[in-house]
Amino acid sequence: MKAVVLTRTGGPEVLEVREWPTPAVGAGEVRIAVRAAGLNFADTMARVGLYPATPDKPCVLGYEVAGVVEALGADVTGFSVGQRVMAGTRFGGQAELATARARDVFPMPDALSFEQGAAFCVNYGTAYAALIIMGGLREDTRVLIHAAAGGVGIAATQIARNVGAEIFGTASAAKHAALRANGVHHPIDYHTQDFQAEVRRLTSGEGVDVVMDAMGPTSFRKDYRILRPGGRLIMFGLSEALNEDGRSLRAAIRGMLRIPTSTMPWWNAGRLLNQNRGVFGLNLLSWWRREGGMDRITSPLLADLASGRLSPVIAKSFPFARAADAHRYLAERRNIGKVVLTPV
């Protein structure tokens, strides 16, 4: 089979389409004929050597796919060959065939395209874990979502909209119409506005209940300052370490050095007791590994996905042969929604 292979650490040019061994299908697993595979910032970080869990190179990246069931392992029930499905793959997804544990495979609603199916598991699972499980978001609370026009950002916006929260979202001005269409009440242009000052102005100084931030650590301290009593900051990325070329070593080192003091000295219990705010760290892959599956953070969303209350937005689809262009497109932050790869 053909796959997008990460040959070595480096720029987008290190990605090559190669013949790759067909993955085995073990007990409790489903092998999927991939029609679309999601591209995430974790893939770009793995490519440039900033993602510790990356397999030894050469390897195939990709955490989520959509396609049809090609084979079933022993003890798998509830699926049939030829069925349309979407799945989390924990690497190996950007190939013509991919395997996933059965508990990470979900029937795909008929109304969804394969590209939309490949935009569900990681983006919406991350957003649900952050906003609902960690953030405790509920009706009439306020949430600030950074990078609200990205794949995770739009997923988070739709989830927050369905909950009934008041939504603040950062993105460049050209993306504000898309933010409003997906439920953002208060778009903020991070190029021309200081989000901390703008949130304080819009809330008459009160602040927000939840902040979801994948940019940091530069923004983490400002996020923490605009939390209301009982507020929660969920940190789930370090995208400022990536630039249009794929990696900024200076920014990455600077960011790593800032992380310990980017919000507050949380090791100081006395100060923490007086702050009435909380800080959470979210890494989807470590969550996934600890629980053995992603069903707890995706299954609660399936009904809304089937009813159309959640609708993945596709920014652009690239064939495997243009995987390097897809990485550049994502690194340049040109997307509104999800970037996906297709075998042809």
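Analyst: Cys 121 is buried, with a relative accessible area of 0%; here buried means under 20% relative accessible area, exposed means over 50%, and partly exposed lies in between, with a 1.4 Å probe and protein chains only. The model is predicted, so local features need pLDDT of at least 70 and side-chain atom pairs count only at pLDDT 80 or more, whereas totals for chains, interfaces and linings use all residues. Residues are numbered from 1 along each chain as its sequence is written, and side-chain values use heavy atoms, with hydrogens and water left out.

Cys 59 likewise counts as buried, at 4% relative accessibility. The structure contains zero disulfides, a disulfide being a pair of cysteine sulfur atoms within 2.5 Å. Cys 59 belongs to a strand pairing: it is the bridge partner, in S4, of Leu 6.

Strands (E, at least two residues) and helices (H or I, at least four residues) are DSSP runs numbered from the N terminus. Two strands are said to pair if DSSP finds at least two bridges between them. S1 and strand S4 (residues 59–60) run antiparallel and are joined by two bridges; besides the contact of Leu 6 with Cys 59, Val 5 has Val 60 in S4 as its bridge partner. S1 is also joined to strand S2 (residues 15–19), again antiparallel, by five bridges, and within that pairing Val 4 stands opposite Val 17.

The charged contacts form the next topic. Side chains of opposite charge can pair when their charged atoms come close. A salt bridge here is a side-chain nitrogen of Lys or Arg within 4 Å of a carboxyl oxygen of Asp or Glu, and the structure holds 16 salt bridges.

One of them joins the side chains of Arg 103 and Asp 295, at 2.9 Å from N to O. This pair links distant parts of the chain, 192 residues apart: Arg 103 is in the loop between strand S7 (97–101) and strand S8 (105–107), and Asp 295 is in helix H11 (residues 295–298). Arg 103 is partly exposed, with a relative accessible area of 38%, and Asp 295 also counts as partly exposed, at 23%.

Another salt bridge connects Arg 142 with Glu 166, whose closest N and O atoms are 3.5 Å apart. Arg 142 lies in strand S9 (residues 142–145) and Glu 166 in strand S10 (residues 166–170), so the pair ties together parts that are 24 residues apart in sequence. Arg 142 is buried, at 14% relative accessible area, whereas Glu 166 counts as partly exposed, at 27%.

A further salt bridge is formed by Lys 222 and Asp 194, with the closest N and O atoms 2.7 Å apart. Lys 222 lies in helix H7 (residues 220–225) and Asp 194 in the loop between strand S11 (186–188) and helix H6 (195–202), so the pair ties together parts that are 28 residues apart in sequence. Lys 222 is partly exposed, with 23% relative accessible area, and Asp 194 counts as partly exposed, at 37%. Elsewhere, salt bridges that share partners join Arg 142, Glu 166, Glu 206, Asp 209 and Arg 228 into one network.

Ala 197 is placed in helix H6 and counts as partly exposed, at 45% relative accessibility. Ala 197 and Lys 222 are 25 residues apart in sequence and 9.4 Å apart in space, C-alpha to C-alpha.
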